[in-house]
Amino acid sequence: MAVPSQIHHFHFSNCLMNASGVSCERKEELAALDDSAAGTFITKTATLEAREGNPQPRVETFALGSINSSGLPNQGLPYYLQALADFQAAKPDKTYFLSVTELEEEKIYKILEEVEASDFKGLVELNLSCPNVIGKPQIAYDFETTDRILKRVFSFFTKSLGVKLPPFFDPSHFDQMADILNAYPLAYVNCINSVGNGLVIHDEQVVIKPKQGFGGIGGETIKETALANVHAFYQRLRPEIAIIGTGGVCDGRDVFEHILCGASMVGVGTTLYEEGEGCFASLTEELEAIMKEKGYQSIEDFRGKLKYMD
Ligand SMILES: C=Cc1c(C(=O)O)[nH]c(=O)[nH]c1=O
């Protein structure tokens, strides 16, 4: 029971994976993902050194999704490189994702230089969209900085690189970001990260401690924004740049819609947080039933084939 997919020469047994940040900070969490029906996993975004993150409570769910202001807690790059080497040794034919970022531009180059020098052979995701590091902006909302970073990164980086993008809400921003991304040999873009700096209130109080309750919103309530970003970049990017669709995936229909909008892989966050790794099997079953009902044999029968109204 699986719906295979691929990004360039990387083949995945199933088109589903976790969203970075959910159930992927520690090796035992990654092992549970590795043993699930997901086709692969991506690590929690790593920084050069381990980080504690923001004070608790920092992640909560609500009726239509989740809010988090985790603040980039992670075990540090060496931990993930070693863990990935162990997973790769056990499953040589499987492809994994490593997510990285840093809080200062020069350190972004340093962490990618360390990844470049490593034996990691999967795909690397440069997170340009963390909304929760206190005092730090989401890089990808600054087009000039994004262009400068990608230009310098690709002057030395030779492994397969994708970028995690925040949601955009204006066609001119889709155009500007796509023009930048199309200039670089990116393997993929991952749309979207959480919708930054939302506010969830219970009775008269915020529900998370950091940043006076402001945090990234995920889950059901962001699906339409996620689909729009997947499709807007599918329409604009060179076909060599694949798209991972992340955001608002609650059932097989949502997976189907991400693929219809152009996604080759689909990331699951809040639903994984709420239901656990078993969600991948149920999402796959539901997607397969939709494909069977519509007579689609493979993802390529419907990927990107969203119909417009004449
Ligand atoms: C890597 C930091 C991120 C975090 C975080 O660690 O707070 N939360 C998100 O929703 N997206 C992120 O990219």
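Predicted model: local features only at pLDDT ≥ 70, side-chain atom pairs only at ≥ 80, totals over all residues.
**Entry 1. Overall fold**

I began with the secondary structure of the chain, which comes to nine helices and 15 strands. I then checked the radius of gyration: it is 18 Å, close to the 19 Å given by the globule rule for 310 residues, so the chain is as compact as a globular protein of that length. Along the principal axes, the C-alpha atoms fill a box of roughly 50 × 50 × 45 Å.

**Entry 2. Ligand site**

Which residues come nearest to the ligand? I found Lys44, Leu72, Cys130, Asn193 and Ser194, out of 14 residues around the ligand. By class, I recorded nine polar residues in this shell, with four nonpolar and one charged.

Asn68 places a polar side-chain atom 2.8 Å from a ligand oxygen. Ser194 also uses a polar side-chain atom, and its distance to an oxygen atom of the ligand is 2.8 Å. For Ser70, I noted a backbone N or O atom at 3.1 Å from an oxygen atom of the ligand. I then asked how much of the ligand's accessible area the protein covers. Taken on its own, the ligand has 320 Å² of accessible area, and the protein covers 94% of that area.

**Entry 3. Second largest pocket**

I turned to the second largest pocket, whose volume is about 320 Å³. Its lining holds 21 residues, and those closest to the centre are Pro239, Ala242, Ser264, Glu300 and Arg303. Which strand gives the most to this lining? I found that strand 1 does, with three residues. The elements that each supply at least two residues are strand 1 (5-7), helix 6 (223-236) and strand 14 (242-246).

**Entry 4. Backbone geometry**

I looked up cis peptide bonds and recorded two examples. One joins Gln56 and Pro57, with omega at about -5 degrees. Pro57 sits in the loop that runs between helix 1 (27-34) and strand 4 (59-62). Another joins Cys191 and Ile192, and here omega is about 5 degrees. I placed Ile192 in the loop between strand 9 (188-191) and strand 10 (195-199).

Where does Asn197 lie? I found this residue in strand 10.

**Entry 5. Items to revisit in the view**

- I shall return to Ser194 and Asn193, which are among the residues that come nearest to the ligand.
- I shall also display the cis bond between Cys191 and Ile192.
- For the second largest pocket, I shall display Glu300 and Arg303, two of the residues listed as closest to its centre.

Conventions. Residues numbered from 1 in each chain as written. Heavy atoms only, no water. 1 Å grid on protein atoms, 1.4 Å probe; cavity = no way out; pocket = protein on both sides within 12 Å on 5 of 7 lines; lining within 4 Å. Points joined across faces, edges and corners; volume = space filled by probe spheres on them. Helix = DSSP H or I, 4+ residues; strand = E, 2+ residues; numbered from the N terminus. Near = heavy atom within 4 Å. Polar contact = N/O pair within 3.5 Å; in protein donor to acceptor, adjacent residues only side chain to side chain. Areas by Shrake-Rupley, 256 points an atom, 1.4 Å probe, with all protein chains shown as cover. Nonpolar A, V, L, I, M, F, W, Y, C, P; charged D, E, K, R; others polar. Rg over C-alpha atoms; globule rule 2.2 N^0.38 Å.
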